[in-house]
Amino acid sequence: MPGEFTYCAPIDSTELMKMLEKYGSEGRILAGGTDLLVDARAGRIKPKVLIDIKKVSSLATVSFTEKDGLSIGAAVTCSDIIQDQNVRQKYSLLSECASQIGSPQLRNRATIAGNICTASPCADMAPALLCLGASVDIVSSAGTRTVKLSDFFTGVKQTALKAGEYLGRIIVPAASANLSGAFEKLKRIKGHDISLASVAAVKTDNAIRIAVGSCAVTPLLIPEFPLNSQSSEIWKTVQQTIKPISDIRASAEYRMVMVKAFVDRVIARLNREAK
């Protein structure tokens, strides 16, 4: 990596907070590092202090209660989510999305929190978490504040996190447990690749929720649709909401065509599962 930096590895949340206060804006949280280290090697960022949270055991847990729902700590990896029985049984959409992130080696290191804190429009976990009504606990020396995930993304690689704060956990409400879900992802190649466009959907007791990735400056949660909505009706709203761009990976037109196809597929899948 170009340049020098200080590496820190706190062993608990108290030490973590002290380091954030000490280093301020110079400190960068290192969770999985699968985005941060790549950017550092490429010279896109020049971190002065890396604060590795992998040794903070309280951040490496996944838990579920019927009252509070699913809690995903900031150091929980994609592999942890794929293997967790509560996630597989009650929030299968999350394990489905996590299984499409990178390779097995990368999933063993990459974290769910890191995936959304990078705040890339193509973050694979974001559409599913948005559909499931997730929120995040943001921790600082002043206490903890809870922010809806739909308000967490503020721009391309920008979030609601402020200096001296870190994302402590992701909360997926108990009301979203056991919902039927579906996910479609467009990649340049078969296998492991970042998303060119993605669509997630869930069906609640009274509505259909759709979220789209890689087609705006942030992952987008589309307003809810009535249960009896047809995919053609849903597509009209999605089409008016997303704003795909043309870049080296795909054209805006191609992204638009594929999102329409994905909307058809996820709605068809939800309808099949409802029978």
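When I say that two residues touch, or are in contact, I mean that they have heavy atoms within 4.5 Å of each other. Please keep in mind that this is a predicted model.

I'll start with Val-87. Not counting residues up to four places away in sequence, Val-87 touches Val-62, Leu-70, Ile-81, Ser-92, Leu-94 and Ser-95. Val-87 sits in helix H4, which covers residues 85–90. Is Val-87 buried or exposed? Its relative accessibility is 0%, so Val-87 counts as buried. One more distance here: Ser-63 is 24 residues from Val-87 in sequence, and their C-alpha atoms are 9.2 Å apart in space.

Now the whole chain. The protein chain has 11 helices and 14 strands. Its radius of gyration is 18 Å, close to the 19 Å that the globule rule gives for 275 residues, so the chain is as compact as a globular protein of that length. Along the principal axes, the C-alpha atoms fill a box of roughly 55 × 45 × 30 Å. Of the 275 residues, 52% are buried. As for contacts with a separation of 6 or more, 59% of them are between residues 24 or more positions apart.

Next, the cysteines. How many disulfides does a search of the whole structure find? The search finds zero. Take Cys-131: the closest cysteine sulfur belongs to Cys-97 and is 8.8 Å from the sulfur of Cys-131. A disulfide needs the two sulfur atoms within 2.5 Å, so 8.8 Å is too far for a bond. Cys-215 is in no disulfide either, and the nearest cysteine sulfur, in Cys-122, is 11 Å away. On burial, Cys-131 has a relative accessibility of 0% and therefore counts as buried. Cys-215 is also buried, with a relative accessible area of 1%.

Last, Arg-107. This residue is found in helix H6, residues 104–107. Arg-107 is buried yet has no salt bridge. Which side chain of opposite charge is nearest to Arg-107? That is Asp-124, at 8.7 Å, while a salt bridge calls for a side-chain nitrogen of Lys or Arg within 4 Å of a carboxyl oxygen of Asp or Glu. What the side chain of Arg-107 does reach is backbone oxygen: that of Gly-102 at 2.8 Å, and that of Ser-99 at 3.1 Å.

To recap: Val-87 is buried in the model, the search found zero disulfides, and Arg-107 is buried with no salt bridge. That is where I'll stop.

Conventions
Residues are numbered from 1 along each chain as its sequence is written. This is a predicted model: local features need pLDDT of at least 70, side-chain atom pairs count only at pLDDT 80 or more; totals for chains, interfaces and linings use all residues. Side-chain values use heavy atoms; hydrogens and water are left out. Helices (H or I, at least four residues) and strands (E, at least two) are DSSP runs, numbered from the N terminus. Buried means under 20% relative accessible area, exposed over 50%, partly exposed in between (1.4 Å probe, protein chains only). Lys and Arg count as positive and Asp and Glu as negative; His and the chain ends are not counted. A polar contact is a pair of N or O atoms within 3.5 Å; within protein, one must be able to donate a hydrogen and the other to accept it, and residues adjacent in sequence count only if both atoms are side-chain atoms. The radius of gyration is taken over C-alpha atoms; the globule rule is 2.2 Å times the number of residues to the power 0.38.
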